[in-house]
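Please read the following points with the model open beside them.

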Amino acid sequence: MTKAPVYWVYMIDCDGNRLYTGIAMDVQRRWREHLGLEPGGARFTRAGSRLDLVYQVAAGSRSEAARIEARIKKLSRRKKLAIVASQPNLVGLFGLLGLDRE
């Protein structure tokens, strides 16, 4: 029996004034891409000079991670910063976002 891949939701603070939200199976590899150490990365993060990985949580399936990412991207900056400050686990994040588990 093969184990299902785990997807992560993560947030990056770009220059202290923008928050990027993404999903990845390997956050450390994706982080290196955002830093420009490996090919890839988002245009959004390439525009910034200082990047800080400020939040990550294991979300389980890709569809679950994508739902969380989409909901976070719709939040105001203030609410995103509240997530970063409280560092909720997956259950807490679902509660903050008003989502139900699949």
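Contact, as the word is used throughout this note, means heavy atoms within 4.5 Å. This is a predicted model, in which local features need pLDDT of at least 70 and side-chain atom pairs count only at pLDDT 80 or more, while totals for chains, interfaces and linings use all residues. Residues are numbered from 1 along each chain as its sequence is written, and side-chain values use heavy atoms, with hydrogens and water left out.

1. Lys73 belongs to helix 3, where helices (H or I, at least four residues) and strands (E, at least two) are DSSP runs numbered from the N terminus. Not counting residues up to four places away in sequence, Lys73 touches Thr21 and Lys80. Between Lys73 and Thr21 there are 6.7 Å in space, C-alpha to C-alpha, although they are 52 residues apart in sequence. Lys73 counts as partly exposed because its relative accessibility is 46%, the classes being buried under 20% relative accessible area, exposed over 50% and partly exposed in between (1.4 Å probe, protein chains only).

2. How do helix 3 and helix 5 cross? The axes of helix 3 (residues 62-73) and helix 5 (residues 90-97) come within 11 Å and cross at roughly 45 degrees, the axes being lines fitted to C-alpha atoms, for helices over the stretch in contact, with angles from 0 to 180 degrees between N-to-C directions. That makes helix 3 oblique to helix 5, since angles under 35 degrees count as roughly parallel, over 145 as roughly antiparallel, 65 to 115 as roughly perpendicular and the rest as oblique.

3. In this pairing, Glu64, Arg67, Ile68, Arg71 and Ile72 of helix 3 meet Leu90, Leu93, Phe94 and Leu97 of helix 5.

4. Leaving aside neighbours within four places in sequence, Val9 is in contact with residues including Thr21, Tyr55, Ile68 and Ile72.

5. Two loop residues deserve a look. Asp15, in the loop between strand 1 and strand 2, has a positive phi of about 60 degrees although it is not a glycine. Gln87, in the loop between helix 4 and helix 5, is likewise a residue other than glycine with a positive phi, near 45 degrees.
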